[in-house]
Amino acid sequence: KNVDKKKVLLLGGTGTLSMGVLKEALNKGWDITVLNRGIHKKHIPDSVHRIIGDFKKVETWKEALHSCNFDVVVDFLSRNPADISRVFPILKNNCKQYIFISSACVYRRNEEDFPIKEDSPKPNINWDYNVEKYNSEKELVKLSQNAPCYYTIIRPYITYDDERIPFGIAPSYKYHRTIIERLKNGKPMFVWNEGNNITTLTYVSDFAKGVVGLFSNNAAINEDFHITSDYQYTWNDFWSIFLAKLNLKSTIYHVDAKDITKYMPSEKQLLMGDRGLDASFDNKKIKKAVPSLTFEFNLEKGIDNLIKYYNELDSWNYDYRYDAIIDKMLAKQSLRCFYIKYEKAYRSSWLIYHIYRYLPYKMANKLCRVIKINQ
């Protein structure tokens, strides 16, 4: 039955974006193979073919793909030009279309740039990630010039699904319940730049429809697209909607961006080079290429799904590092912030919280590595 099906290889397949694309591709009848390390596999349907290998070590998967041919390869994993130059020369002979998932963060974000179009100025030099992704795009374009396949570049912006809360500075992935428990327990949260930055938040199934719509699409030959929602919000809007959906009242404190980066130094480039900037996009190009694409999920509808998911979830994971750092930061606003043992929290949560609450950030990181303790 698979003989006549078009074939797609997903490099990845278990992340937020790649799992969304996998589900949409299955719905559209594609024959799917995923290449990853095989660690997170419980959500991958039995009908999906799996190749186990380390993306960064081509010798672990090159032979397995030697005789495979795909209509489309979707690269969710390349982050820098070295990744592209290592992987593309191998896979260019195995596919007709090579899709690179870049990032809409690559666009410059000056006031005169909005709304952003695909030909808007690049790169945004205020975050190393932006520059690496943009240079990866350029490397792909260069290597594709004499390749037997064509390229397509896709740029998502902030995406979310049922377990990823689309707040600009969130806990570690898989630990987003931390935000909900903070709010349920009466703890405050924060926002920067008075909460007035405009952002664009895209539910992953909407993004996936755009991606799959570009599979084997002549309009995608050697072209680039951003796939971002039509729905735009300020961060104040986000908190208003999120709290209303939780039926909670909480205080959202405005904290100077420079103060946030003082307490969260690892988030400095993310905040100053992206989340603290406006993000407004023109979607005409992707809609012309994929006329059936509509952005079904506004934030209200997406948050409904997210809250339903967490209400039904059996596992309870919290990022007490994140929780402690926020408390430390907001304590400078004369707020009383202290440790709360959230429902079903691990016994180590008290120790993690107090290490990050009362020690300098770098010292806390070092101590947790020494005593081999994490979430």
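This report describes the overall fold, the surface and the nonpolar cores of a predicted model.

The secondary structure of the chain amounts to 13 helices and twelve strands. Its radius of gyration is 21 Å, close to the 21 Å that the globule rule gives for 375 residues, so the chain is as compact as a globular protein of that length. Along the principal axes, the C-alpha trace extends over about 60 × 45 × 35 Å. Among the contacts in the chain with a separation of 6 or more, 77% are accounted for by residues 24 or more positions apart.

Of the 375 residues in the chain, 55% are buried.

| Core | Residues in core | Named members |
|---|---|---|
| Largest nonpolar core | 67 residues | Phe-167, Phe-190 and Phe-242, those with the most contacts inside it |
| Second, separate core | 33 residues | Val-21, Ile-101, Phe-207 and Phe-215, among them |

Which residues does Phe-242 contact, leaving aside its neighbours within four places in sequence? With those neighbours set aside, Phe-242 is in contact with Ile-165, Ile-179, Ile-180 and Leu-183, and also with Ile-303 and Leu-306.

Conventions:
Residues numbered from 1 in each chain as written. Predicted model: local features only at pLDDT ≥ 70, side-chain atom pairs only at ≥ 80, totals over all residues. Heavy atoms only, no water. Helix = DSSP H or I, 4+ residues; strand = E, 2+ residues; numbered from the N terminus. Rg over C-alpha atoms; globule rule 2.2 N^0.38 Å. Buried < 20%, exposed > 50% of the residue type's maximum accessible area, 1.4 Å probe, protein only. Contact = heavy atoms within 4.5 Å. Core = buried A, V, L, I, M, F, W, Y, C linked by side-chain atoms within 4.5 Å.
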